[in-house]
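Please keep the sequence and the three-dimensional view at hand while reading.

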Amino acid sequence: MQLQMQEQTPQLSKKLVLLFGLFAFIGFLDAAYLTVVHFSDIPLLCGANSGCETVTTSVYSAIAGIPVALLGALYYIGLLFLTIFYLDRKNSTVMHLALRLSAIGLVASLYFVGLQLFVLKALCIYCMASAISSTTLFVIGLFGRRAALKTVVQ
Amino acid sequence: MENNTLSKKQQKRLARAAKKQAQMQNQKTGRAVKSTATWAITLLVIVGIVYGLVLLVRNSSTNELIGVDTDLSIESTDWTIGEAEAPVQLIEFSDFQCPACAAYHSVVKQVISEYPSDVLFAYRHYPLSQIHPHAELAGRAAEAAGIQGKFWEMHDKLFETQASWSARASVKDLFVEFASELGLDVTRFEADIDSDEVKDAVEGEALQARALNLPGTPSFIVNGVYVQNPPSIDAFRAIIEDAIANAGADTTTE
C-alpha cells in the first residue's frame, strides 16, 4: 500500500496545464514584441496614452544593458518549454518546477508595475499585459499545485 | 524441433509475448517520433514568430521618406510661430483629431518656446478623414478662427480638448462654442467655417501632404527634410539643435 502511494505521481489537471502553456505563450509574444522594438530604433507607440515611450525608454527598461523585455521573453519561453516537456513526457516534476517558477514572474511584475505607477508615473499597455500574464501564470500555478496535492492526499 | 515440445498453450503465450513486445517497440518509436515532431513544431513556431515580429517592426519603421528633402519651405500663407528669418523652419502636417498629434502638440509647443529666435514653426493640415471624421471640420474651425486672428488659440483649444469631442457624433456646435469662448465674432465664424476659402485652405494642404506620400500624422519637416517622429522631447530638441548647427555651418561656408 505504502509502495502504491509512492508510485502515484501527483496528478495535474490537463486543462490547467494547457491554460498555463497558453499564458506563457501570450507572455512570450508580448515580451518578444517589446524586445524586437527595443532593438529597433522606432518608438513604441500605443495611441492616446503616450506612456509606452516613457516606460520602454526609461532607465529601468534595461538591467546592465540587457533589456528587461528580453529577460521576460526568456522567462516565458522557459515556462513554455517546461510545459511542453511535461505534455510530451508526462514528467510532473518538470511541471511542478514550472508552477513554482511562476512566482518569479509575479514578483518581477509587482516590481515593474510599482515602478510604472510610482516612479515613472506612466503606464505602458504592453508592460501591463505582461504583468497580467505573469499574475495569471502564478494563480494557475497555485491552483495547479493545490489540485496536485489533493490527489496525493487521496 | 523444440517448438514441438511446447504445448499449444505455451506457444500461444509466446506468440502473445512477441506481439506485445513488437507493440511496445512500435509505441516507443511512435512516442519518439511524436516527441521530435512536438519540439520541431514548437521551435519552428517560435522562430517563425520572432522572424515575423522583426519583419513587422522593420516594416513599420521602414519609412522611405526619412531624410528626404521635400523642398518645402514656409510661405506667407502659412500660420506660423517664431521669427520669419529663423535659421530653422519646422513644418508640421497634423490632424486635430489624431491622438498622436495631440500628444506631440505639447512637445512641439515646449520645444518651439525654447528656441523662439531659431525656429519658425508652421502648422499645415493633413486631416485623415477616413479614420477621423471630425478632423477636416476641426481644421476648418482653426482656419475660420485664423481669419479673425486666433488660429493658434483655436489650434491649442482643439488639441487640448480633443478627447472630449473626438468620439462625438456631431461637433460643429461645440466648435462654435469654442469660437465664442475665444471671443470671436460667432456669426462671422459660422460663415467662414463653411466658406470655400477655408475649405480650400484645408484641402490644399491635405493634397500637398498626399502628394508627398506622407505616411501619417503628425509628420515633421525640418528645413525641407522629412524627419522621423522623435520618440521623446529630448530627441526633438536634438533634431532642432542639429538643424541650427547645420544652418550655422551653411551660412559660414557661403
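The structure is a predicted model. Chain B contains an open sheet of five strands with mixed pairing, and the largest nonpolar core has 51 residues.

**Confidence**

- Chain B has an average pLDDT of 89, and 95% of the residues score at least 70.
- Within chain B, confidence is highest in strand β3 (residues 119-125), at 97, and lowest in helix α1 (residues 2-5), at a mean of 60.
- Where pLDDT is low, the predicted coordinates should not be read in detail.
- For the complex, the predictor gives a pTM of 0.54 and an ipTM of 0.72.

**The sheet in chain B**

- The strands of the open sheet in chain B follow the order β1-β3-β2-β4-β5.
- Its edge strands are β1 (79-81) and β5 (225-227) of chain B, each of which pairs on one side only.
- From one strand to the next, the twist averages 25°.
- Strands of a sheet pair through backbone hydrogen bonds, and the pairing may be parallel or antiparallel.

**Strand β2 and its partners**

- Six of the seven residues of β2(B) are buried, and the strand is thus described as mostly covered.
- β2(B) and β3(B) run parallel and are joined by seven bridges; B:Val88 has B:Val119 in β3(B) as its bridge partner.
- Between β2(B) and β3(B) the chain passes through helix α3 (residues 99-114) of chain B, and this β-α-β crossover is right-handed.
- Strand β2 (residues 88-94) of chain B also pairs with strand β4 (residues 219-222) of chain B, in the antiparallel sense and over four bridges.
- Opposite B:Leu90 stands B:Val222 in β4(B).

**The hairpin of β4 and β5**

- β4(B) and β5(B) pair in the antiparallel sense over three bridges, and B:Phe220 has B:Val227 in β5(B) as its bridge partner.
- The two strands β4(B) and β5(B) form a hairpin with two residues between them.
- In the turn of this hairpin, B:Asn223 has a positive phi of about 45°.

**A buried loop residue**

- B:Ala86 is found in the loop between β1 and β2 of chain B.
- Is B:Ala86 buried or exposed? B:Ala86 is buried because 21 other C-beta atoms lie within 10 Å, and the cut-off for a buried residue is 20 or more.
- Not counting residues up to four places away in sequence, B:Ala86 touches B:Ser117, B:Asp118, B:Val119 and B:Leu120.
- B:Ala86 and B:Tyr115 are 29 residues apart along the chain, and their C-alpha atoms are separated by 9.4 Å.

**Nonpolar cores**

- In soluble globular proteins, nonpolar side chains tend to be buried together.
- In the largest nonpolar core, the residues with the most contacts inside it include B:Val119, B:Ala138 and B:Leu158.
- Helix α4 (residues 135-147) of chain B supplies the largest share of this core, seven residues.
- B:Ala138 touches B:Phe96, B:Gln97 and B:Leu158, not counting residues up to four places away in sequence.
- Another core, of 30 residues, lies apart from the largest one; among its residues are A:Phe20, A:Ala24, A:Val36 and A:Leu80.

Notes. Residues numbered from 1 in each chain as written. Chains lettered and ligands numbered in written order. Predicted model: local features only at pLDDT ≥ 70, side-chain atom pairs only at ≥ 80, totals over all residues. Pairing = 2+ DSSP bridges. Axes fitted to C-alpha atoms, helices over the stretch in contact; angles between N-to-C directions. Buried ≥ 20, exposed ≤ 12 C-beta atoms within 10 Å, placed from the backbone. Contact = placed C-beta atoms within 7 Å. pLDDT = per-residue confidence, 0-100. Core = buried A, V, L, I, M, F, W, Y, C linked by C-beta atoms within 7 Å. Right-handed = clockwise from strand over helix to strand, strands pointing away.
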